[in-house]
Amino acid sequence: MKSVTDSFVSLGHWPSAGGFGFNTDILATNPINLSVVLGVLIYFGKGVLNDLLDNRKQRILSTIRNSEELRKGAIEQLEKARARLRKVEREANEYRVNGYSEIEREKENLINATCENLERLENYKNETLLFEQQRAIDQVRQRVFQQALHGALGTLNSCLNSELHFRTISANIGILGAMEE
């Protein structure tokens, strides 16, 4: 087995000046060069690579935590929104039910008020009719009285002669005179 340095440096032929040269045999030197380069990279780049991977891991974990927090916040907001929606739906149903019952109550109040107004108008009409009937009766009585009075005066005037008239007046004057004394 050849040594590692034999692969890099060709020691097989030394010129008289005593220099050295590179081995240009690609098949012999390539795997060794690669293994050396990888070894150096692993040895020196291990910390840098670990730091890069740790930073990447921390950013991913931080992103996951932020995403979880955002998801929890979104879930909380969603639950709050759902609760508000349920509350608003409940209130809308209450307003709807209360509105219908309020409409029914107002309808009943309006019907009752209309019935009361009709009853009041009916009473007013009846009172007016009674008043008009009483007035008509009074007018008829007055006419009957006037006609009876005219009839009586006519009868008295036709029955009374001047002597009877004079005696009635004298008797009345006598009664009045006796009352004064």
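Trainee: What kind of model is it?
Mentor: This is a predicted model, where local features need pLDDT of at least 70, side-chain atom pairs count only at pLDDT 80 or more, and totals for chains, interfaces and linings use all residues. Residues are numbered from 1 along each chain as its sequence is written, and side-chain values use heavy atoms, with hydrogens and water left out.

Trainee: What secondary structure does the chain have?
Mentor: Three helices and two strands, in the order α-β-β-α-α. Helices (H or I, at least four residues) and strands (E, at least two) are DSSP runs, numbered from the N terminus.

Trainee: And how many of the residues count as buried?
Mentor: 1% of the 181 residues. Buried means under 20% relative accessible area, exposed over 50%, and partly exposed in between (1.4 Å probe, protein chains only).

Trainee: Switching to side chains, which aromatic rings pair up?
Mentor: There is one aromatic pair in the structure. The ring centres of Tyr43 and Phe44 are 4.9 Å apart and the planes are at 85 degrees, so the pair is edge-to-face. Rings of Phe, Tyr and Trp (its six-membered ring) pair if their centres lie within 6.5 Å; planes under 30 degrees apart are stacked, over 60 edge-to-face, the rest tilted.

Trainee: Are Tyr43 and Phe44 buried or exposed?
Mentor: Both Tyr43 and Phe44 are exposed.

Trainee: How many salt bridges are there?
Mentor: Six in the whole structure. A salt bridge is a side-chain nitrogen of Lys or Arg within 4 Å of a carboxyl oxygen of Asp or Glu.

Trainee: Which residue does Arg82 bridge to?
Mentor: Glu79, with the closest N and O atoms 3.4 Å apart. Arg82 and Glu79 are three residues apart in helix H2, so about one helical turn separates them.

Trainee: What about Glu122?
Mentor: Glu122 bridges to Lys125 at 3.0 Å, N to O. Both lie in helix H2, three residues apart. Glu122 is partly exposed at 38% relative accessible area, and Lys125 is partly exposed at 39%.
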